[in-house]
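Subject: Structure for your files

Hello,

Here is the structure I said I would pass on. My notes follow below it.

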Amino acid sequence: SIKIDDYLSDLNIKVKLHKNLDSTIQRISQLTQKTNQFNFTTKRYSEEQINEFIKDSFYNVYSLDVSDKFGNSGITALAIVYNENEKLWKIDTFLLSCRVMGRGIENALMFFIIEDAKKNHVEYLLGEYISTKKNIPAKDSLSVMGFSKIINKNNLYELNLSKDFLFPKYITIDN
């Protein structure tokens with residue numbers, strides 16, 4: 001709705017993308033341990049495991065530093081993506097801290113993943129939602145972002161990357 005867009009525009013939201021950045025390991029591990037509400041799979045990872053992902057060429061670890069007119073929330077969005085094969089990437093982990101929920105940050109994060117996948121000639125992105133008592137806020141996010149549920153695969157969704165995916169117009173990318 002118009003009012004929500006106005007509200008979000010007024011927040012002056014800025015995001016800065018980090019990819020496979022060593023200095024983010026501790027924070028990323030912490031997010032996987034603590035984040036329950038907006039978390040597609042609620043997988044928990046140690047700093048050692050995050051470090052392994054960053055070093056492994058089959059994985060990409062994306063994180064977003066989020067700030068707005070009230071200050072910097074720091075790294076509050078995270079995705080770990082596995083390069084299944086040259087045509088397909090699978091989202092292993094996708095989460096947002098509750099501090100930044102409701103601002104479309106998930107769309108900014110997904111946009112960066114999709115752009116990276118397209119640069120690598122990937123055709124499909126696979127997402128997974130594993131339901132828990134606490135992650136209801138993330139339940140419909142994959143569908144809302146244009147992913148289609150894969151029939152006969154309980155928790156899996158796919159996105160054909162030939163479709164356009166728009167970056168939220170009220171968020172600024174901070175380089």
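Does T41 count as buried or exposed, and at what relative accessibility? The model is a predicted one, and in it T41 counts as buried because its relative accessibility is 5%, where the cut-off for buried is under 20%. T41 is found in the loop that lies between β2 (38–39) and α3 (47–55).

The surroundings of T41 are as follows. A polar atom of the T41 side chain lies 3.0 Å from the backbone oxygen of D92. With neighbours within four places in sequence left aside, T41 is in contact with D92, T93, E128 and I130.

Strand β5 covers residues 88–96. Nine of the nine residues of β5 are buried, so the strand is largely enclosed by the rest of the structure. Its pairings with other strands are these:

- β4 and β5 pair in the antiparallel sense over eight bridges. They form a hairpin, with two residues between the strands. Within this pairing, I80 stands opposite T93 of β5, and L78 has L95 as its bridge partner.
- β2 and β5 also pair in the antiparallel sense, over two bridges. Here the bridge partner of N39 is L95 in β5.
- β5 and β6 (residues 124–128) run parallel and are joined by three bridges. K90 has L126 in β6 as its bridge partner. To get from β5 to β6 the chain passes through helix α4 (residues 105–119), and this β-α-β crossover is right-handed.

Strand β3 (residues 59–68) pairs with β4 (residues 71–85) in the antiparallel sense over ten bridges. Y62 stands opposite A79 in β4. β3 and β4 form a hairpin with two residues between them.

To return to the opening question, T41 counts as buried at 5% relative accessibility, and its contacts include D92 and T93, while β5 has nine of its nine residues buried.

Regards

How values were computed: Residues are numbered from 1 along each chain as its sequence is written. This is a predicted model: local features need pLDDT of at least 70, side-chain atom pairs count only at pLDDT 80 or more; totals for chains, interfaces and linings use all residues. Side-chain values use heavy atoms; hydrogens and water are left out. Two strands pair if DSSP finds at least two bridges between them. Helices (H or I, at least four residues) and strands (E, at least two) are DSSP runs, numbered from the N terminus. Buried means under 20% relative accessible area, exposed over 50%, partly exposed in between (1.4 Å probe, protein chains only). A polar contact is a pair of N or O atoms within 3.5 Å; within protein, one must be able to donate a hydrogen and the other to accept it, and residues adjacent in sequence count only if both atoms are side-chain atoms. Contact means heavy atoms within 4.5 Å. A crossover is right-handed if, with the strands pointing away from the viewer, the path from the first strand over the helix to the second runs clockwise.
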